[in-house]
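Good morning, everyone. Let me walk you through one protein chain. Please look at the structure first.

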Amino acid sequence: MHTRHREPQLLGNEGTLERMALILAARNIAPAAAALPDDPEPYSPLDALLAGMPPRYQSAVADHPMVLGWVRKVTEAAVAPSRGARRQVTTGPSLLMAGVVGAGKTHQAYGAVRALVESGVGVRWRATTAADLYADLRPRPGVDSERELAAVSRCPLLIIDDLGAAKASEWVEEITYRLINRRYNLMLPTLITTNLAIKDLRSYLGDRVASRLAEMTTRVEFEPLDRRRYRAAA
């Protein structure tokens with residue numbers, strides 16, 4: 001069966017408006033009742049960002065001095081693809097935030113992305129826990145895990161939450177190395193949180209990953225306080 005392709009019509013097209021008026025008249029509908037606003041309210045970049053964030057972190061604000069320093073560096077490195085276009089995150093430094101469960105690391109990571117957008121920088125980003133990342137990348141029928149790895153590797157800004165929470169294995173070490181090595185070579189900013197002490201990362205991740213993280217990230221150690229339990233007790 002041949003389906004005729006029709007070009008989309010713009011509401012601003014004079015012929016389209018005339019046809020709409022005829023249809024409304026045939027249905028005894030006053031044109032004013034169906035009028036569309038002249039200038040629909042656009043979504044702001046911040047609105048778009050919040051729509052993609054988990055509700056728990058939509059109000060997150062970065063206030064750690066080293067996290068704010070990272071935001072400034074990434075903002076300064078952003079470039080505009082063309083004259084007059086909004087500057088975009090393309091390359092920049094990475095941050096490794098280490099501390100106990102509930103120290104506020106994930107909150108700071110989402111707050112950092114929000115701070116970038118509020119500074120006027122555009123950013124394509126993705127957030128995942130390490131456990132979910134490994135689940136997405138594990139080979140299985142019907143899924144192109146190599147294509148998924150390539151997409152995650154090239155994402156301009158990536159949050160990897162809870163690195164070290166998944167069970168260690170040769171496959172976990174290999175896939176972590178492939179991901180980190182690609183982002184290291186492309187100089188793509190990565191926000192990593194971990195509950196492991198920095199001194200324990202090498203034994204979990206292996207020498208190759210630990211060496212690249214040591215060079216590509218600024219390391220932030222959070223105070224040993226579980227803020228979730230503190231808030232609940234309060």
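Two packed helices are described by the angle between their axes and the distance between the axes. Those axes are lines fitted to C-alpha atoms over the stretch in contact. One caution before we use that: this is a predicted model.

Start with helix 3, residues 65–77, and helix 4, residues 105–118. They pack at an angle of about 35°, and their axes are 10 Å apart. The crossing of helix 3 and helix 4 is right-handed. Who makes the contact? Helix 3 brings Val 67, Trp 70, Val 71, Val 74 and Thr 75. Helix 4 brings Gln 108, Ala 112, Ala 115 and Leu 116. By class, that contact has 7 nonpolar and 2 polar residues, with no charged ones.

Now a second pair. Helix 6 spans residues 145–154, and helix 7 spans residues 170–186. Here the angle is about 40°, with the axes 9 Å apart. Helix 6 and helix 7 are therefore oblique to each other. Their crossing is right-handed. Helix 6 contributes Glu 146, Leu 149, Ala 150, Val 152, Ser 153 and Arg 154. From helix 7 come Ile 175, Arg 178, Leu 179, Arg 182, Arg 183 and Leu 186. How do these residues divide by class? There are 6 nonpolar, 1 polar and 5 charged.

Strand 1, residues 94–98, pairs with strand 4, residues 190–194, over 4 bridges in the parallel sense. Leu 95 stands opposite Leu 191 of strand 4.

Last topic: confidence. The chain averages a pLDDT of 84, and 77% of the residues score at least 70. Among the elements, strand 3 (residues 157–161) has the highest mean, 98. Helix 10 (residues 227–233) has the lowest, 52. Two stretches fall below 50. One is residues 1–14, which has 7 contacts beyond near neighbours in sequence. The other is residues 32–41, with 2 such contacts.

Thank you.

Technical notes: Residues numbered from 1 in each chain as written. Predicted model: local features only at pLDDT ≥ 70, side-chain atom pairs only at ≥ 80, totals over all residues. Heavy atoms only, no water. Pairing = 2+ DSSP bridges. Helix = DSSP H or I, 4+ residues; strand = E, 2+ residues; numbered from the N terminus. pLDDT = per-residue confidence, 0-100. Contact = heavy atoms within 4.5 Å. Axes fitted to C-alpha atoms, helices over the stretch in contact; angles between N-to-C directions. Parallel < 35°, antiparallel > 145°, perpendicular 65-115°, else oblique. Left-handed = near helix turned anticlockwise from the far one by under 90°. Nonpolar A, V, L, I, M, F, W, Y, C, P; charged D, E, K, R; others polar.
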